[in-house]
Amino acid sequence: MKKNYEKWLLENGYSEKSGRLLPSTIYAYIRGIEHACKYENLSIEQLAENINVIAPTYEAGQKSSLHILEVFLSKKALNS
């Protein structure tokens, strides 16, 4: 799922590298998801299954990463 999420972010215009060739938006969103998985002691699949319950408990920066994952999951569901 992580690779599909990264691919979706790239296809939807999120930046892989900044102007200075440093990791950018995609890296930040993936890192945010990995942090939430570690904190919640869940796999990315388990996090995805419980995203509606978990996302509201996070602060703004982290919530942004989780919100984008929610958008990805909703688009994925629509395409199934």
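**Ground rules.** I number residues from 1 along each chain as its sequence is written. The model is predicted, so I keep to pLDDT of at least 70 for local features and 80 or more for side-chain atom pairs, while totals for chains, interfaces and linings use all residues, and side-chain values use heavy atoms, with hydrogens and water left out.

**Entry 1: the overall layout.** I looked up the secondary structure and got five helices and zero strands. Helices here are DSSP runs of H or I with at least four residues, strands are E runs of at least two, and numbering goes from the N terminus. I then checked burial: 31% of the 80 residues in the protein chain are buried (under 20% relative accessible area with a 1.4 Å probe, protein chains only; exposed is over 50%, partly exposed is in between).

**Entry 2: α1 against α2.** Two packed helices are described by the angle between their axes and the distance between the axes. I found α1 (residues 2-11) and α2 (residues 25-40) at an angle of about 150°, with axes 10 Å apart. Axes are lines fitted to C-alpha atoms over the stretch in contact, and angles run from 0 to 180 degrees between N-to-C directions. The pair is therefore roughly antiparallel (over 145 degrees; under 35 is roughly parallel, 65 to 115 roughly perpendicular, the rest oblique).

Which residues of α1 and α2 meet? From α1 I listed Lys2, Tyr5, Glu6, Leu9 and Leu10, and from α2 Ile26, Tyr29, Ile30, Ile33 and Glu34. That contact (heavy atoms within 4.5 Å) divides into seven nonpolar, no polar and three charged residues. Nonpolar covers Ala, Val, Leu, Ile, Met, Phe, Trp, Tyr, Cys and Pro; charged covers Asp, Glu, Lys and Arg; the others, Gly among them, are polar.

**Entry 3: the core.** Next I went for the largest nonpolar core, which has 21 residues. Such a core is a set of buried Ala, Val, Leu, Ile, Met, Phe, Trp, Tyr and Cys residues joined through side-chain atoms within 4.5 Å. Tyr5, Leu9 and Ile33 are among those with the most contacts inside the core. Helix α2 gives the most to this core, with six residues.

**Entry 4: Leu47.** Is Leu47 buried or exposed? Leu47 counts as buried because its relative accessibility is 0%. Leu47 is in helix α3. Leaving aside neighbours within four places in sequence, I noted contacts of Leu47 including Ile33, Cys37 and Leu69. Ala36 is eleven residues from Leu47 in sequence and 8.0 Å away in space, C-alpha to C-alpha.
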